[in-house]
Amino acid sequence: MASSLVLDAPEATPRAALRPVTLVVLAVTAVVFGAMMIYGAWATEGSAVGAALGTALVAAGAVAAGTVIGFLFGIPSELTVAAPDRAGPPSAAPVPAVAPSVSPARSNQLVLVAEWLTRILLGATLTQLGTVRDLVQELGEQASGGILGHQDGMVVMVGVIVYAAVFGFFVGHLCTRLILNALFRDADAPQALGRLRTALGTDGSDGGTGKSFDGISSTVAELVVERDVRELADPEDQRAWGLARLKTSNRDAAAVSAAVSALTRSFVARPNDRAAVQSLVLGLLYQDGGYDRAIDEARRFLASEATAEADNANLYAYLACGYGQRYAALPATATAERAAAAAATLDAARTAIARDPSWKLYLGRLATAPAGSTEDDLTAVAHASPELRQLLGIDPAAASGA
């Protein structure tokens, strides 16, 4: 199925869903803090304005204290991008380690200090609950006496302090989680894209990302796809974004479509580039009905490629997967078409293994995938073709059928 070149609409974000909640919280906060100030002005024996402002300052101090604690609890446990997943497919060339996306100093100092203070606060609070209660009560008494001029408002002042502290905690925690962390990730995303490009390479060796993308770090991929693909003009950036989107797609049709669109744009800019063709063919294998176009693009490139050496082993392996998908999609009554697809699968797999023997093990996995697996490109052909089973060195009983 051909992929459209129309730019995909931006996906809905959690931030958009939080907007109505934020408006409600702000409205409630305005009412509560207004009520605090009105109470201070009404209950004081002195200046109404001074009491109202004093009550507001007490609440603001409690908010500040709660915000600091919420900030400490909201800092993520790590601020670095993980190294690539280690279990790469057999056909993959070693993938360079991805450097941390933030400096070790920022990660170590901020995270360690936050964890240290958080443990101290938790420990001190849990072991000194009675002392904390007494301190809050004393603060309420002092606030009532100093602002209102009497002790009758002690309970209200304690309520003001507790409410404001809890409110500040949630403000600090949510702002850290939703804003500060997002800023960190936004700052890291451009560097993550560059590192992914370096890891993928530009000579087609990244076909070793295989059919499962084990050579791409999940953390790096998540950072990359946060970039708006419409802002990426470089075809190599579009290719990297498309592969990262496939890595994080979880086979979602819309996500796969977005990935194929990006890979198609990269391919259109460089139709004779092995890496661009290879990535597009790989993406098409994940799209429903995309195997026909995958086969066409792979055969076109291989027919025009002068040096059909080991560099094209990955593309031949993808071609075998495409024919395997075609075989599985054909009805049982299409005997001639299924026979042709099975023969083409065997031929492409044989060529891929001859040029890169490490593909034998990986294609064998695709031929013996358990029922319900999405990595079952060759299972139907392997069930019907003893030649393919012999090529891949698999036991006939291990080949599951369609």
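This is a predicted model: local features need pLDDT of at least 70, side-chain atom pairs count only at pLDDT 80 or more; totals for chains, interfaces and linings use all residues.
## Helix α7

Helix α7 covers residues 235-248.

Because 12 of the 14 residues of α7 are buried, the helix is largely enclosed by the rest of the structure. Charged side chains occur in this buried set, among them Glu236, Asp237, Arg239, Arg245 and Lys247; Trp241, Leu243 and Leu246 are also buried.

Asp234 caps the N-terminal end of α7, with a side-chain oxygen 2.8 Å from the backbone nitrogen of Glu236. Just after α7, Asn250 adopts a positive phi of about 55°.

## Packing of α10 and α11

Helix α10 (residues 291-304) packs with helix α11 (residues 313-329) at an angle of about 145°, and their axes lie 9 Å apart. The crossing of α10 and α11 is left-handed.

On the α10 side, the contact is made by Tyr291, Asp292, Ile295, Ala298, Arg299, Phe301 and Leu302. Helix α11 contributes Leu315, Tyr316, Leu319, Gly322, Tyr323, Gln325, Arg326 and Ala329. The residues of this contact comprise 10 nonpolar, 2 polar and 3 charged.

## Ala367 in α13

Ala367 belongs to helix α13, which covers residues 359-367. The relative accessible area of Ala367 is 0%, and burial is defined as under 20%, so this residue is buried.

Ala367 and Leu388 are separated by 21 residues in sequence, and their C-alpha atoms are 8.9 Å apart in space.

Technical notes: Residues are numbered from 1 along each chain as its sequence is written. Side-chain values use heavy atoms; hydrogens and water are left out. Helices (H or I, at least four residues) and strands (E, at least two) are DSSP runs, numbered from the N terminus. The expected span of a helix is 1.5 Å times one less than its number of residues. Buried means under 20% relative accessible area, exposed over 50%, partly exposed in between (1.4 Å probe, protein chains only). A polar contact is a pair of N or O atoms within 3.5 Å; within protein, one must be able to donate a hydrogen and the other to accept it, and residues adjacent in sequence count only if both atoms are side-chain atoms. Axes are lines fitted to C-alpha atoms, for helices over the stretch in contact, and angles run from 0 to 180 degrees between N-to-C directions. A crossing is left-handed if the near helix is turned anticlockwise from the far one by less than a right angle, and right-handed if clockwise. Contact means heavy atoms within 4.5 Å.
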